[in-house]
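Subject: Structure handover and notes

Dear colleague,

Please find below the structure that I am handing over to you. My notes on it follow.

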Amino acid sequence: MITLYGMTDSGNCYKPRLLMALTGRPFRHVEVSAHDGTTRSAEWLAKNPNGQVPLMELEDGRLLPESDAMLCYLGAGTVFDRSEPFERAAMLRWMFFEQNSHEGAVAVRRALTVYPSRRAAATPERMALTLASGTSALTVMDTHLGREPFFGGNTPSLADIALYPYTATAEEGGFDLEPLGKLRAWLMRIESLPGFRPKTWLPET
Ligand SMILES: N[C@@H](CCC(=O)N[C@@H](CS)C(=O)NCC(=O)O)C(=O)O
């Protein structure tokens, strides 16, 4: 069985957990905090030199960091994957967008807001910058949803799983989703998928 090392409150860690819930794949969860120094210990750095969670361990011991890489592995051959070259690239485009334009603003502003250990880094300049760039990313998503119901065509793809967690908690970071009606409707479409589980859900051990 796959083991997922992660922090329950992290959206990055929620992504593979959500995909495994949606596809009915059993896994083991091991809680690892990104706040108590564990991810900077020599033991952890030997597993993931980038010093972060989530980290996935396959049955044969192979290790895979990076949440969106995990989605590619776990989603291969499922209804959330795309095999036609253009459709696959169009899905990956949104996964790159998530890492490049969305997560670094929407997730970071939330972390600066909700985690006491990050408060010192929450300078007015950084909060203003993440608010502007995060609002821009959320608006790009809302505009896209005027053309397509999901981020990989007419049915949910791995890109939707990548984008859902930090969009769903954007308001905790001070983002206003009220004007973004198409985005709010998309969040509800994801939440109504069969097998959907909220971020707080963990598999029984
Ligand atoms: N690009 C990585 C980002 C992972 C990441 O930012 N993890 C955070 C928790 S959400 C972390 O481990 N932070 C601790 C640190 O960077 O020291 C992914 O998508 O998996």
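The side chain of Thr 167 reaches the backbone oxygen of Leu 163 at 2.6 Å, a polar contact (a pair of N or O atoms within 3.5 Å; within protein, one must be able to donate a hydrogen and the other to accept it, and residues adjacent in sequence count only if both atoms are side-chain atoms). This is a predicted model, in which local features need pLDDT of at least 70 and side-chain atom pairs count only at pLDDT 80 or more, while totals for chains, interfaces and linings use all residues. Residues are numbered from 1 along each chain as its sequence is written, and side-chain values use heavy atoms, with hydrogens and water left out.

Thr 167 belongs to helix α6; helices (H or I, at least four residues) and strands (E, at least two) are DSSP runs, numbered from the N terminus. With a relative accessibility of 0%, Thr 167 counts as buried. Buried means under 20% relative accessible area, exposed over 50%, and partly exposed in between (1.4 Å probe, protein chains only). Not counting residues up to four places away in sequence, Thr 167 touches His 102, Leu 138, Met 141, Leu 177, Leu 183, Trp 186 and Leu 187, where contact means heavy atoms within 4.5 Å.

Of its 11 residues, 10 are buried, so α6 is largely enclosed by the rest of the structure. The buried residues include Leu 158, Ile 161, Tyr 164 and Tyr 166. Their cover includes α1, α3, α4, α5 and α7. At the N-terminal end, Ser 157 caps α6, with a side-chain oxygen 3.0 Å from the backbone nitrogen of Ala 159.

Next comes helix α5. This helix runs over residues 124-144, has 21 residues and reaches 30 Å from its first C-alpha to its last, close to the 30 Å expected at 1.5 Å a residue; the expected span is 1.5 Å times one less than the number of residues. Met 127, Thr 130, Gly 134, Ala 137, Leu 138, Met 141, Asp 142 and His 144 are its buried residues. They cover an arc of only 155° around the axis, which puts them on the same side of α5; the arc is that of the directions from the helix axis to the C-beta atoms. On the face turned away from this buried side are the exposed residues Pro 124, Glu 125 and Leu 129. What covers the buried residues of α5 includes α4 (85-114), α6 (158-168) and α7 (181-191).

Leaving aside neighbours within four places in sequence, Leu 138 is in contact with His 102, Val 106, Thr 167, Ala 170, Phe 175, Leu 177, Leu 180 and Leu 183. One of these, Leu 180, is 42 residues from Leu 138 in sequence and 8.0 Å from it in space, C-alpha to C-alpha. Ser 136 is also in α5, but is partly exposed, with a relative accessible area of 42%. From Ser 136 to Ala 105 there are 31 residues in sequence and 9.6 Å in space, C-alpha to C-alpha.

There is also a ligand. It is surrounded by 13 residues, and the closest are Arg 40, Val 53, Glu 66, Ser 67 and Gln 99; a residue is near a molecule or strand if one of its heavy atoms lies within 4 Å of it. A nitrogen atom of the ligand is 2.7 Å from a polar backbone atom of Val 53, and a ligand nitrogen atom lies 2.9 Å from a polar side-chain atom of Gln 99. Taken alone the ligand exposes 510 Å², and the protein buries 80% of that; accessible areas come from the Shrake-Rupley method with a 1.4 Å probe, and for residues only the protein chains shown count as cover.

Two backbone details remain. Most residues other than glycine have a negative phi, and most peptide bonds are trans. The peptide bond from Val 53 to Pro 54 is cis, with omega near 5°. Glu 66, in the loop between β4 (63-65) and α3 (67-75), has a positive phi, near 75°.

Regards
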